[in-house]
Amino acid sequence: AKVIASGEYQKSILVESDDEIGNIAGSINSMTRKIRMNLEEIKGYSSRMREINIEINKKVLAMSSLLQIGDILSGGSVRLDSLLELALEKASAVFDSGFGIIYMPKAEGGDFVVKSMHNVDDDRLAEIVISRNGRGVLDKMLNDNMTAVIDKGARLSPELDDFKRAYNLRNALIIPLISGKKAFGLLIVGNRIDNFKYKVDDIDLVKVFAKQIVIAIEGDYLAKRAETLAIKDDLTDLYNKTYITMRLEEEIKRAIFYQRPCSFILI
């Protein structure tokens with residue numbers, strides 16, 4: 001009994017009799033079993049609490065990253081390439097051993113090629129070309145605006161399973177970057193954890209990062225369109241090169257038509 005009282009709860013008293021000593025021994029053994037069960041339950045709670053704390057910390061870090069990217073987007077002072085690299089790094093960091101890659105059109109209406117990569121260990125992913133008219137698995141996902149989940153137990157189509165095996169992907173989320181009917185790119189975020197399964201909130205979190213990336217790309221696209229369409233310089237209020245070139249071409253055509261001189265003066 002003293003040994004048990006000192007904390008060795010795996011011990012028991014080997015006394016089997018119907019007298020008072022036997023009853024006391026049985027009572028001590030019963031209490032010892034309950035103590036063991038309670039300790040195991042506490043260990044289980046402790047382990048679960050650690051897991052919960054880890055998940056909470058991950059979510060806090062992810063939310064902090066989203067807020068940071070949101071502040072940068074609202075400020076509009078960072079180049080698109082830098083913002084994409086930051087967003088990809090933060091999205092990849094949601095999971096341990098995370099990696100990410102963004103594909104975007106090389107030119108307006110052209111094929112999609114690698115725009116940004118983070119922690120990718122298979123260089124063949126950088127060689128992928130996605131075509132809007134192609135028949136590859138990524139081509140179809142982009143055209144159909146379909147998100148794919150690759151993890152433990154995921155039921156994959158034969159094409160997606162072949163893609164997973166070809167590029168040695170353990171776990172990955174493949175998300176088209178689309179706004180309205182316009183496709184801006186394709187995002188792949190994954191990790192190298194064995195026996196891993198994505199939770200619903202994990203997928204939703206990465207989709208928020210994807211939405212921020214879409215906002216950044218769309219904002220950059222609209223800004224460039226505005227620059228193209230603007231005819232005056234904001235600082236000097238003078239006509240810009242685009243407008244002058246357009247008007248000069250009109251005036252030259254008019255001069256040729258009416259057979260009269262045309263001059264252009266720079267001051």
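What share of the 267 residues of the chain count as buried? In this predicted model, the buried residues make up 31% of the chain. The secondary structure consists of seven helices and five strands. Read from the N terminus, these elements follow the order α-α-α-β-β-α-β-α-β-β-α-α. The chain is more spread out than a compact globule, because its radius of gyration is 32 Å, well over the 18 Å that the globule rule gives for 267 residues. Along the principal axes, the C-alpha atoms fill a box of roughly 130 × 45 × 30 Å.

The largest pocket holds about 540 Å³ of space. Its lining is made up of 22 residues, and those that lie nearest the centre are M104, P105, A107, E108 and Y221. Two or more lining residues are given by each of helix 3 (80-92), strand 1 (98-105), strand 2 (112-118), strand 5 (182-191) and helix 6 (200-229). Helix 6 supplies the largest share of the lining, with five residues. Sorted by class, the lining of this pocket comprises eleven nonpolar, nine charged and two polar residues.

Helix 7 spans residues 241-258. This helix has 18 residues, and the distance from its first C-alpha to its last is 25 Å, close to the 26 Å expected at 1.5 Å a residue. At the N-terminal end, helix 7 is capped by N240, with a side-chain oxygen 3.3 Å from the backbone nitrogen of T242. At the other end, helix 7 is followed by Q259, a residue with a positive phi.

Backbone angles were also examined. Most residues other than glycine have a negative phi. Q259 has a phi near 55°, a positive value in a residue other than glycine. Q259 is located in the segment after helix 7. Its relative accessible area is 69%, over the 50% cut-off, and Q259 is therefore exposed. A positive phi, near 50°, is also found at N145, which is likewise a residue other than glycine. N145 is placed in the loop between helix 4 (137-144) and strand 3 (148-150). The relative accessibility of N145 is 46%, so this residue counts as partly exposed.

Definitions and conventions. Residues numbered from 1 in each chain as written. Predicted model: local features only at pLDDT ≥ 70, side-chain atom pairs only at ≥ 80, totals over all residues. Heavy atoms only, no water. 1 Å grid on protein atoms, 1.4 Å probe; cavity = no way out; pocket = protein on both sides within 12 Å on 5 of 7 lines; lining within 4 Å. Points joined across faces, edges and corners; volume = space filled by probe spheres on them. Helix = DSSP H or I, 4+ residues; strand = E, 2+ residues; numbered from the N terminus. Nonpolar A, V, L, I, M, F, W, Y, C, P; charged D, E, K, R; others polar. Buried < 20%, exposed > 50% of the residue type's maximum accessible area, 1.4 Å probe, protein only. Expected span 1.5 Å × (residues − 1). Polar contact = N/O pair within 3.5 Å; in protein donor to acceptor, adjacent residues only side chain to side chain. Rg over C-alpha atoms; globule rule 2.2 N^0.38 Å.
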